[in-house]
Amino acid sequence: MAQVASLTLLHNDDARPIIEAILADNPGVRVLDMPGCVKLDRDMELVVNRASVEERLGRSWDPQEIHLVLVSMAGNLDEDDDRFAVGWKH
Amino acid sequence: MTIQIKTIDLEPKRQTFGHIARRLGADKPASRYQEATLDVQATDNFHYKPLWEPEFWFYDAGKSAVTMEDWYKPLDPRQFYYAAYNIARANMNQAVERNFAFAEERGLIEKLSAEAKAAIERGLLPLRHLHWGSNMNMSEICQRGYGTAVTAPCIFAAGDHLGMAQIVSRIGLELDGQTGVSLDKAKETWLSDAAWQGARRLIEDLLVERDWFQLYVAQTLAVNAVLFDLVYMRLDSAWRDGAIPVAMLTEFTADWRAEEGRWSDHVVKTVAAESPANKTVISQWANHWIDRAVEAAEPLVSALTNADAAAAAGDAARSRARSLGLNV
């Protein structure tokens with residue numbers, strides 16, 4: 001059974017480009033809407049790509065900016081200057 | 001009595017305004033930029049034609065020779081609306097304050113040679129008048145233009161020019177011990193020094209240009225890309241030992257050009273790509289005004305330095321125009 005990698009983000013205007021980037025870049029992502037936040041689940045790995053967010057945001061974006069809207073995460077973190085990813089490796 | 005705490009998810013009946021949903025193709029959440037920009041400008045039911053220009057309605061696509069199927073096609077890649085713009089500029093301004101504080105603490109301006117100070121007074125300070133003219137031009141484009149997508153960022157750019165004029169003025173105040181004497185001299189220079197009369201004639205001719213998109217092309221591809229880029233970025237040798245302090249104190253303009261250029265290039269490119277007729281007319285305008293700007297730059301460059309900076313600035317502007325799909 002695959003383990004679920006997950007990111008829960010605030011559902012506000014600042015998070016919108018990040019949420020859209022995640023939905024575009026992660027096939028099979030499952031969306032759970034909760035009051036005020038959105039939980040994004042996917043088997044094994046979930047990635048936020050800097051380029052993807054920048055395309056939707058209209059300015060340069062540091063992946064660390066995700067912390068302003070990050071509520072919760074599940075998975076081992078893999079982060080560098082170009083991506084922020086949570087996942088499980090077996 | 002037991003208390004149960006539950007959350008209820010209330011689905012909004014609509015995610016956004018009707019006119020936004022029609023533009024997005026579906027009723028989905030819209031960004032603040034979209035809601036602040038799309039279809040904001042009135043298009044119908046104007047009550048009377050203006051007495052000063054009765055051949056047009058207040059908002060009239062006929063005020064320019066270029067035509068667009070949809071003037072909301074050239075959106076701002078920076079997605080600036082009022083709040084985003086202010087936040088971006090506030091951040092840039094923090095760097096300005098720190099740089100001026102650093103220059104003041106170290107006395108970087110006082111310690112400059114007399115030649116450097118004279119060069120800055122003659123060659124940099126009168127730029128505040130060129131910025132004022134640019135503010136007038138961007139305001140004019142905002143007023144006469146069509147479609148909020150293009151016109152709203154114009155008033156942001158107009159504000160930016162005033163900000164840059166203030167920065168230039170502050171440099172002058174550093175030079176004259178906060179008395180303002182250098183700024184009075186700079187105005188005299190602007191009005192009577194042969195070095196500046198080309199730039200002055202150029203901006204004054206633009207003040208009376210009635211085709212608002214021609215004015216946009218002239219301001220962004222000629223005044224910004226030739227004259228401002230020239231003085232702020234290609235004249236280091238003119239400031240002599242003041243080159244580094246000037247670069248530091250005018251850092252805002254370098255950052256601004258990079259960011260504003262993303263928007264203005266995108267607008268010109270999009271409108272030129274709309275039709276061969278647009279491309280022809282915009283290319284003619286770009287050619288004409290870049291030539292005028294290089295002509296205006298020549299006496300300024302020869303007064304300040306012996307480099308061939310005017311031609312180089314013109315070539316850079318033409319190369320930029322070509323990258324936007326224009327024939328120059």
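Me: What does A:Val71 count as at 47% relative accessibility?
Reply: A:Val71 counts as partly exposed, because its relative accessibility is 47%. Buried means under 20% relative accessible area, exposed over 50%, and partly exposed in between, with a 1.4 Å probe and protein chains only.

Me: Before we go on, what kind of model is this, and how is it numbered?
Reply: This is a predicted model, where local features need pLDDT of at least 70 and side-chain atom pairs count only at pLDDT 80 or more, while totals for chains, interfaces and linings use all residues. Residues are numbered from 1 along each chain as its sequence is written, chains are lettered from A and ligands numbered from 1 in the order in which they are written, and side-chain values use heavy atoms, with hydrogens and water left out.

Me: OK, back to A:Val71. Which strand is A:Val71 in?
Reply: A:Val71 lies in β5 of chain A, residues 70–74. Helices (H or I, at least four residues) and strands (E, at least two) are DSSP runs numbered from the N terminus.

Me: And what is A:Val71 in contact with?
Reply: Leaving aside neighbours within four places in sequence, A:Val71 is in contact with A:Thr8, A:Leu9 and A:Leu10. Contact means heavy atoms within 4.5 Å. The C-alpha atoms of A:Val71 and A:Cys37 are separated by 8.0 Å, and these two residues are 34 apart along the chain.

Me: Which sheet has β5 of chain A in it?
Reply: An open sheet of four strands, ordered β2-β3-β1-β5 in chain A, with antiparallel pairing. Two strands pair if DSSP finds at least two bridges between them.

Me: Which strands stand at the edges there?
Reply: β2 and β5 of chain A do, and each has a single partner strand, so one side of each is left without a neighbour in the sheet. The twist averages 15 degrees from one strand to the next. Axes here are lines fitted to C-alpha atoms, for helices over the stretch in contact, and angles run from 0 to 180 degrees between N-to-C directions.

Me: How do β2(A) and β3(A) pair?
Reply: β2(A), residues 30–34, and β3(A), residues 37–43, are antiparallel over five bridges. A:Arg30 stands opposite A:Asp41, and A:Met34 has A:Cys37 as its bridge partner. The two strands form a hairpin with two residues between them, and A:Gly36 in the turn has a positive phi of about 90 degrees.

Me: Which helix lies across β1, β2 and β3 of chain A?
Reply: That's α1 of chain A, residues 16–25, running at about 155 degrees to β1(A).

Me: What about the sheet of three strands in chain A?
Reply: That one is open too, ordered β4-β7-β6 with antiparallel pairing. β4 (45–49) and β6 (76–79) each have a single partner strand, so one side of each is left without a neighbour in the sheet.

Me: How many bridges does β7(A) make with β4(A)?
Reply: Five bridges join β4(A) to β7(A), and one of the bridge partners is A:Glu45 with A:Gly87. β7(A), residues 83–87, also pairs with β6(A) over four bridges, where A:Asp78 stands opposite A:Ala85. β6(A) and β7(A) form a hairpin with three residues between them.

Me: Why is β7(A) largely enclosed by the rest of the structure?
Reply: Because four of the five residues of β7(A) are buried.

Me: Switching topic: how many residues does the contact between the chains take?
Reply: Nine residues from chain A and twelve residues from chain B. The area buried between the chains is about 670 Å², with carbon and sulfur atoms giving 37% of that. Buried area is the accessible area (1.4 Å probe) that two parts lose on being put together, summed over both.

Me: And which residues of chain B link into a cluster through ring pairs?
Reply: B:Trp71, B:Trp212, B:Phe213, B:Tyr216 and B:Trp263. Rings of Phe, Tyr and Trp (its six-membered ring) pair if their centres lie within 6.5 Å; planes under 30 degrees apart count as stacked, over 60 as edge-to-face and the rest as tilted. B:Trp71 is buried, and B:Trp212 is too.
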